[in-house]
Amino acid sequence: MADYSVKNLASLLTKEIESFSSFHEESSVGTVISVGDGIARVYGLKQAMLGELLLFPNGATGMALNLDQDDIGVVLLENGDAIKEGDEVKATGRVVEVPVGDALLGRVVNALGKPIDGLGEIKSEKRRPIERVAPGVMKRESVNRPLFTGLKAIDSMIPIGRGQRELIIGDRQTGKTAIAIDAILSQKKSGVKCVYVAIGQKDSSVASLVHKLKEADSFSYVTVVNAGASEASPELYVAPFAGMAIAEEWMEKGEDVLIIFDDLSKHAVAYRALSLLLRRSPGREAYPGDIFYLHSRLLERACKLSKEYGGGSITALPIVETQAGDISSYIPTNIISITDGQIFLVTDYFNEGQRPAIDSGLSVSRVGSAAQTPAMKKVSASLKISLANYRENLSFAQFGSDLDKDTKRILTRGARAMEVLKQTNFQPYKESQEVVELLLLQEGKLDNLKVESLHEILSSFFAFLLDQHHQIIEHLEQEHTLPSEISEEITNSFDDFLARSEYA
């Protein structure tokens, strides 16, 4: 029979407390056993979580990424150069966090949310972990409100809705970032807050972008998260998750947010570097097998919440760079399968002067006309098909000069459509101006005008409408509909304008 005397019970309790203390000590404190290339191997910390923030001496920090049986692999975030073998490592019990809230608007921060714009400390009372499980299906609702980019080619043929994930993909120097900046500029009076995440970009490029936004008086609703080309791979890895955490704070308050990742190709390369240094097995094109999961758990956090959960949204525009237009390589195919469509930019179009250089055939929005206003839906319904017909007949026309009337009409209308869709960088259009121009194109009012004069004519006509028929513009901007009487009034006004002008 067991002896449960007071003396024996005290002895048992003492042993339990000692074993618990040693277990706790082993769980919360570890030792660096090797360090190099931004990676530290740490012995101990058996209760460490994936993504947990770890503290080193001299203010250095790291994040646990490999949880092996004997030790853990840590990527170093701050002051990694000061770490040496034998240093003590402390667990914090929490994953890496960033400050969030309105205090970040109009600021440039690094991947950990610390200011790098020289404007002083960010006084934010709240912090959020950079990793979070995406909202479930029952918390979401379908995308049904447009997010205007101010680009006619996108708003008419590849519409983006609030809560959508639309990939911008193309070769280097084809205008991918320009589309993102135009989308930000278009949100000036829409109430949509913007987060721009620069991954591996030159600091001069980010500074130029911030300057453009300030010039346009559009920086007050933007937060820039910059993990520059000179930063180590861990910061490039963390940056998009930090940007998403900042955006989620506003979404959960019922607000609409636009987030841009520029670009996820460099993010994938940074993660590949970390994975190889952590000795994870390389797979296709040397990327680790979980690269798909990495980007999917990031982009799945962008959604439209249902009204019961505040009704906020995050619209994500990830950017991916292709090599020689190859969209079938590993990272592009991954992200195409995660997103709700793609805007594909073509080098040949760009070199021909067609800007934005969008290939309307390969570009698609899986949300489609659900993300368009009734007015935009009416004037853009047949635009994509007519452009496809134009491209096909243009190739055919090169082999012969004897064309029938229908082919000539398709070529005439198509050439004017291509010209109307051209836009200057950083000058996004209002919805009303897009609708007016596309209506005139659809009704054939531009067919007899010189292609090289179209932009001047349309710009002058819109100014004429604002001055002489402002009630039409007010209707388009407030009601977002295009009844037949308004359509007729616009086309008749255009005839009057031409009759009075030098363009007749």
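F461, F464, F494 and F497 form one aromatic cluster. The model is predicted: local features need pLDDT of at least 70, side-chain atom pairs count only at pLDDT 80 or more, and totals for chains, interfaces and linings use all residues. Residues are numbered from 1 along each chain as its sequence is written, and side-chain values use heavy atoms, with hydrogens and water left out.

**Aromatic rings**

- Rings of Phe, Tyr and Trp (its six-membered ring) pair if their centres lie within 6.5 Å; planes under 30 degrees apart count as stacked, over 60 as edge-to-face and the rest as tilted.
- By this rule there are eight aromatic pairs.
- The ring centres of F461 and F494 are 5.0 Å apart and the planes stand at 80°, so this pair is edge-to-face.
- F461 belongs to helix α14 (residues 454-468) and F494 to helix α16 (residues 484-500), so the pair ties together parts that are 33 residues apart in sequence.
- Helices (H or I, at least four residues) and strands (E, at least two) are DSSP runs, numbered from the N terminus.
- F461 and F494 are both buried, meaning under 20% relative accessible area; exposed is over 50%, and partly exposed lies in between (1.4 Å probe, protein chains only).

**Charges over rings**

- A charge sits over a ring if NZ of Lys or CZ of Arg is within 6 Å of the ring centre and within 35 degrees of the ring normal.
- R272 lies over the face of Y287, 4.3 Å from the ring centre.
- R355 lies over the face of F350, at 3.8 Å from the ring centre.

**The sheet**

- Eight strands make an open sheet with mixed pairing, in the order β8-β12-β11-β13-β14-β10-β15-β16.
- Its edge strands, β8 (107-109) and β16 (364-365), each pair on one side only.
- Two strands pair if DSSP finds at least two bridges between them.
- Strands β10 (residues 167-170) and β14 (residues 313-321) run parallel, joined by three bridges.
- I168 has I319 as its bridge partner in β14.

**Helices across the strands**

- Helix α6 (residues 264-277) lies across β11, β13 and β14, at about 75° to β14.
- Axes are lines fitted to C-alpha atoms, for helices over the stretch in contact, and angles run from 0 to 180 degrees between N-to-C directions.

**K266**

- K266 sits in helix α6 and is partly exposed, with a relative accessible area of 28%.
- Leaving aside neighbours within four places in sequence, K266 is in contact (heavy atoms within 4.5 Å) with I199, G200, Q201 and E321.
- The C-alpha atoms of K266 and G200 are separated by 6.1 Å, though 66 residues apart along the chain.
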